[in-house]
Amino acid sequence: MDEQFILRVPPSVAERINRLLSENASSSEDKSLDLEFSEDGRTGTFVIGNDRFPASVLDLPCVVESYKTYDDSALVKTADVGQMILVRESGEASPDVVEYRHGLTPPLRDARKRRFRREPDLNPELVQRVEKDLVNIMSGGTVENFDADVNGQGDAGDENARNANKKAPPAAAAKPEVPDTGGNAGEPDGSDSDDSDDSM
């Protein structure tokens, strides 16, 4: 896979980079393009021509996949991009966080807060108890620590739980009384009425 990064620059710098890439480098006034980083690896300087701009490396809230194509129909994945180099104007303050708040596109604005679920607040003891009960049930046993207050039934819940654990004796299945249709399902009964016609 290729090594890739996302470079986000102010609009004025973007125009200069476009001119530098589209024109012959010898005819352009901005002949150099450089990126230098300090020892911490998070802050640096972006240099274009004789101008220097502060830059920061920020983590994206989600991984961005990069693709390229050779024939304008099939896409080939080339990289997973997880960081962005943010170039600022000289007067702008540097970000005080290492994770960028937004994604790259408008639907991912404030992505970490809006799109990604928070970790649920679970009590570890409750999780262990439920896991133990599930193992007991799967092995053919019953729930040992039945909590009646959870069901909200009080003493009646305890009594119902005790009765549910006992197996009821099998009862004789009563045969439902179904009228005999004589094998003509869906047809009226052939009676001796005047409306019946046996000539067919």
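Modeller: Let's start with K77, which counts as partly exposed at 32% relative accessibility; with a 1.4 Å probe and protein chains only, buried means under 20% relative accessible area, exposed over 50%, and partly exposed in between. Before we go on, this is a predicted model, in which local features need pLDDT of at least 70 and side-chain atom pairs count only at pLDDT 80 or more, while totals for chains, interfaces and linings use all residues. Residues are numbered from 1 along each chain as its sequence is written, and side-chain values use heavy atoms, leaving out hydrogens and water.

K77 has a partner in D80: the two form a salt bridge, with their closest N and O atoms 2.9 Å apart. The term stands for a side-chain nitrogen of Lys or Arg within 4 Å of a carboxyl oxygen of Asp or Glu. As a general point, side chains of opposite charge can pair when their charged atoms come close.

How many salt bridges are there in the whole structure? A search finds 6. In one of them, the side chain of D51 meets that of R16, at 2.6 Å from N to O. D51 sits in strand β4 and R16 in helix α1, so this pair ties together parts that are 35 residues apart in sequence. (Helices, H or I of at least four residues, and strands, E of at least two, are DSSP runs numbered from the N terminus.) The two ends of the pair have their own labels: R16 is buried, at 14% relative accessibility, whereas D51 is partly exposed, at 34%.

D59 pairs with R42, their closest N and O atoms being 3.3 Å apart. Here too distant parts of the chain are linked, since D59 belongs to strand β4 and R42 to the loop between β2 (33-37) and β3, 17 residues apart. D59 is partly exposed at 21%, and R42 is partly exposed too, with a relative accessible area of 26%.

R42 leads us on to the inside of the protein. Setting aside neighbours within four places in sequence, A55 is in contact (heavy atoms within 4.5 Å) with residues including R42, L35, F46, I85 and V87. A55 is part of the largest nonpolar core, together with V13, I17, F46, I48, F53, V57, I85 and V87, 9 residues in total. Such a core is a set of buried Ala, Val, Leu, Ile, Met, Phe, Trp, Tyr and Cys residues joined through side-chain atoms within 4.5 Å. Two or more of its residues come from each of α1 (11-22), β3 (43-48), β4 (51-69) and β5 (75-87), and β4 contributes the most, with 3. There is also a second, separate core of 5 residues, among them L58, L60, L86 and Y100.

To place all this in the whole, the protein has 5 helices and 5 strands, which run β-α-β-β-β-β-α-α-α-α from the N terminus on. Of its 200 residues, 19% are buried. Among contacts with a separation of 6 or more, 46% are between residues 24 or more positions apart.
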